[in-house]
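Subject: Structure for you to look at

Hello,

Here is the structure I promised to pass on. Please open it first, then read my notes below.

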There are 2 protein chains.
Amino acid sequence: MTRLRADAARNVEGIRRAALDVFRASGLTTPLDEVAKAAGVSKGTIYHRFGSRQALIDAVVDDLVAERLRAIIEAVSSFDDPRTRFEEYLMRIWLLQYDEPAANDVLVRALPDSVQLTTLCDKANRFGRQLLEAAQSAGAIRPDLTPTDLTYLLLERGAALRACPEQSRPDYTRRLTFLLHGLRT
Amino acid sequence: MTRLRADAARNVEGIRRAALDVFRASGLTTPLDEVAKAAGVSKGTIYHRFGSRQALIDAVVDDLVAERLRAIIEAVSSFDDPRTRFEEYLMRIWLLQYDEPAANDVLVRALPDSVQLTTLCDKANRFGRQLLEAAQSAGAIRPDLTPTDLTYLLLERGAALRACPEQSRPDYTRRLTFLLHGLRT
DNA sequence: TACGTTCTTGACCATGGAGTCAAGTAACGC
DNA sequence: GCGTTACTTGACTCCATGGTCAAGAACGTA
């Protein structure tokens with residue numbers, strides 16, 4: 001793989017930037033034409049530089065989501081109470097899904113073929129399961145909530161958000177507290 | 001509007017039947033070509049007989065859903081306890097959504113232009129709100145659950161089901177009990 | 001049976017998105 | 001500056017879906 005020519009390198013950067021903006025605003029399912037337009041480049045160039053839609057997404061998804069996920073994991077870890085840890089984790093992921101349609105698409109696995117994406121998703125999942133187990137051992141969360149249930153809590157939220165994106169953040173949050181409440185012992 | 005010719009009448013019936021089967025199995029968003037194939041007729045005939053996709057749906061949605069909804073309303077009404085009434089209502093609607101993708105599409109308003117559909121949907125909604133109010137007056141359901149929340153509970157379930165249709169009925173039911181549990185006082 | 005009317009057909013148009021490629025353009029090395 | 005080679009373009013194909021219509025088929029009545 002030889003070095004890119006100057007204009008090509010410039011374009012790669014421009015496309016990355018545009019993809020970040022566009023995906024951030026409208027989710028990972030946005031047509032590539034819009035990314036191309038935002039980057040001031042033709043669709044063909046995107047394919048030449050990145051190879052496929054998937055590859056472009058893989059190239060930006062880390063910047064788009066990984067940092068936010070890491071921050072959540074870190075912030076949540078600092079809580080003492082196992083129940084608080086678990087509930088804060090859930091709530092923050094849910095809010096991330098609300099705030100970033102793209103993050104939502106990642107969690108929902110709207111693009112099932114991407115390795116990057118799956119990795120990210122699995123990582124969060126594993127962390128959540130640990131929290132769940134701890135909270136259950138402490139007797140704070142109902143013992144019949146399974147790890148699979150946890151996955152569904154996130155997946156379903158994603159689907160729900162895609163279907164009803166117009167709800168206000170406070171309303172959204174309030175409804176989620178009901179949901180959390182139902183998970184307690 | 002003069003009487004239909006024999007073959008035309010036969011076709012209308014066949015199309016209705018096929019639409020019922022196909023929509024029942026795969027929801028209201030199934031391409032009309034499949035209905036046409038199932039009816040042994042060309043797509044054009046459907047349009048000639050019914051005018052539009054909407055009109056075809058309107059022509060079968062009643063048989064598809066109305067009866068089920070009526071049955072739920074009736075069955076639920078016979079319970080004494082306001083909380084039981086409310087919770088049974090929710091649970092049965094949720095199960096209807098699970099059992100019948102088409103019913104789900106109705107509730108989710110996948111086809112927003114249909115009068116029939118909207119009517120049906122509103123009717124169920126109004127009934128649910130009454131139950132909610134009664135249950136709240138009896139102190140059995142948390143008072144900060146609004147009628148809008150109730151709408152979202154159904155809407156979201158629909159979206160969630162479309163996204164994850166592979167879950168088993170027992171699992172689905174179990175998860176819903178968690179949700180219900182969170183709505184209590 | 002014959003003929004006018006009703007009905008059906010399937011090829012056709014339109015839309016919108018993914019992905020491709022021959023031909024034109026511009027950077028880089030000399 | 002000039003030729004080579006990398007790069008970009010946008011028009012193209014393909015696919016799926018909703019919807020239309022002129023021409024041919026079927027009905028049913030006289």
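Which element gives the most to the surface near DNA strand D? That is H3(A), with five residues. Bear in mind that this is a predicted model.

DNA side. In total, 23 residues surround DNA strand D. The closest are A:Asn11, A:Gly44, B:Ala6, B:Gly44 and B:Arg53. Helix H1 (6-26) and helix H3 (43-50) of chain A each give two or more residues to this surface. By class, the surface near DNA strand D has seven nonpolar, seven polar and nine charged residues.

Chain contact. Chain A puts 17 residues into its contact with chain B, and chain B puts in 17 residues. On the side of chain A that touches chain B, helix H8 (147-163) and helix H9 (169-181) each supply at least two residues. H8(A) gives the most there, with eight residues. This side of chain A divides into 11 nonpolar, two polar and four charged residues.

Core. In soluble globular proteins, nonpolar side chains tend to be buried together. Here, the largest nonpolar core has 56 residues. Those with the most contacts inside it are A:Ala19, A:Val35 and A:Val65, along with B:Ala19, B:Val35 and B:Val65. What does A:Val65 touch, leaving out residues up to four places away in sequence? Its partners are A:Ala102, A:Ala103, A:Val106 and A:Leu120.

Best wishes

Notes. Residues numbered from 1 in each chain as written. Chains lettered and ligands numbered in written order. Predicted model: local features only at pLDDT ≥ 70, side-chain atom pairs only at ≥ 80, totals over all residues. Near = placed C-beta within 6 Å. Helix = DSSP H or I, 4+ residues; strand = E, 2+ residues; numbered from the N terminus. Nonpolar A, V, L, I, M, F, W, Y, C, P; charged D, E, K, R; others polar. Core = buried A, V, L, I, M, F, W, Y, C linked by C-beta atoms within 7 Å. Buried ≥ 20, exposed ≤ 12 C-beta atoms within 10 Å, placed from the backbone. Contact = placed C-beta atoms within 7 Å.
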